[in-house]
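These notebook entries record what I looked up in the model.

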Amino acid sequence: MLDQPLPVVVRPSTEQDVPFMVDIYAYHVQNGLGDYQPDPLHPEDIKRRRKAMLKRRLPHIVADFNGAIIGYAYAVPFLKRPSYRYAVKHSIYVHKDHRQSGVGRKLLPALIEACAAAGYRQMICYIDGENAPSLSLHEGFGFARAGVLKSVAFRFGRWTDTVLLQRPLGEGDASLPGRLESVAEEAGSQNPPQYSH
Ligand SMILES: CC(C)(COP(=O)(O)OP(=O)(O)OC[C@H]1O[C@@H](n2cnc3c(N)ncnc32)[C@H](O)[C@@H]1OP(=O)(O)O)[C@@H](O)C(=O)NCCC(=O)NCCS
């Protein structure tokens with residue numbers, strides 16, 4: 001890890017950021033322990049997902065380094081059923097050439113902050129049991145292991161465990177939930193918010 005993290009700005013994504021996100025994601029699905037997708041992801045898929053999330057008031061943020069997007073993160077509903085409407089799950093990806101430069105350390109708290117500000121109460125993440133960087137990053141930001149799903153993933157010729165992690169947001173279950181608020185406006189507006197982390 002570098003002493004000085006990269007001077008990135010964390011902000012809501014725009015449609016112009018999509019090609020960067022496609023590149024980042026394509027590398028990780030082919031080589032990493034993150035998500036796995038047999039077919040290449042089409043830019044339209046990310047555009048559609050991004051719009052769907054913004055419509056549902058869920059954050060979709062990027063790490064901007066001098067105009068280049070070197071990481072992104074977003075939250076989606078944990079489950080579709082209404083009882084679970086205060087719980088989100090999320091994904092985070094950093095460009096392969098900028099890992100261990102403090103980008104994840106900027107994106108993750110910004111995503112947590114945005115989800116909490118929107119009124120969500122629990123944040124959930126599924127991480128491959130062998131993904132030490134992601135496990136360490138999440139545990140460093142208050143995620144606790146809620147369980148291990150044994151051998152539920154099969155990729156690159158073998159079975160792997162999935163670790164379930166959870167973090168309360170805001171007052172968690174210490175109070176009744178309120179109304180879910182709108183998160184960051186679609187970037188591209190006059191003054192898109194920047195996050196403090
Ligand atoms: C996991 C990931 C998001 C971490 O982002 P990053 O920008 O590389 O992480 P940072 O440089 O901000 O480091 C933050 C913390 O993560 C952990 N970490 C990062 N890289 C690590 C590594 N290679 N080994 C162990 N811990 C690591 C450390 O706890 C680190 O904090 P520290 O330096 O104070 O110890 C990034 O490696 C990535 O995109 N991986 C591929 C996609 C992926 O697996 N996404 C998560 C799916 S659940």
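Predicted model: local features only at pLDDT ≥ 70, side-chain atom pairs only at ≥ 80, totals over all residues.

I took helices (H or I, at least four residues) and strands (E, at least two) as DSSP runs, numbered from the N terminus. Residues are numbered from 1 along each chain as its sequence is written.

Entry on strand E3. I looked up burial, calling a residue buried if 20 or more other C-beta atoms, placed from the backbone, lie within 10 Å of its own. Strand E3 covers residues 68-77, and seven of its ten residues are buried, so E3 is largely enclosed by the rest of the structure.

Entry on pairing. I counted two strands as paired if DSSP finds at least two bridges between them. E3 pairs with strand E2 (residues 60-65) in the antiparallel sense over six bridges. Ala68 in E3 is the bridge partner of Phe65. Two residues lie between the strands of this hairpin, and Asn66 takes a positive phi near 50 degrees. E3 also pairs with strand E4 (residues 87-94), antiparallel over seven bridges. There I found Gly71 opposite Val94 in E4.

Entry on the ligand. The ligand is surrounded by 24 residues, and Gly104, Arg105, Pro133, Ser136 and Leu137 are the closest. At least two shell residues come from each of E4, helix H3 (103-117), strand E5 (122-128) and helix H4 (132-140). H4 gives the most, with six residues.

How values were computed:
Buried ≥ 20, exposed ≤ 12 C-beta atoms within 10 Å, placed from the backbone. Near = placed C-beta within 6 Å.
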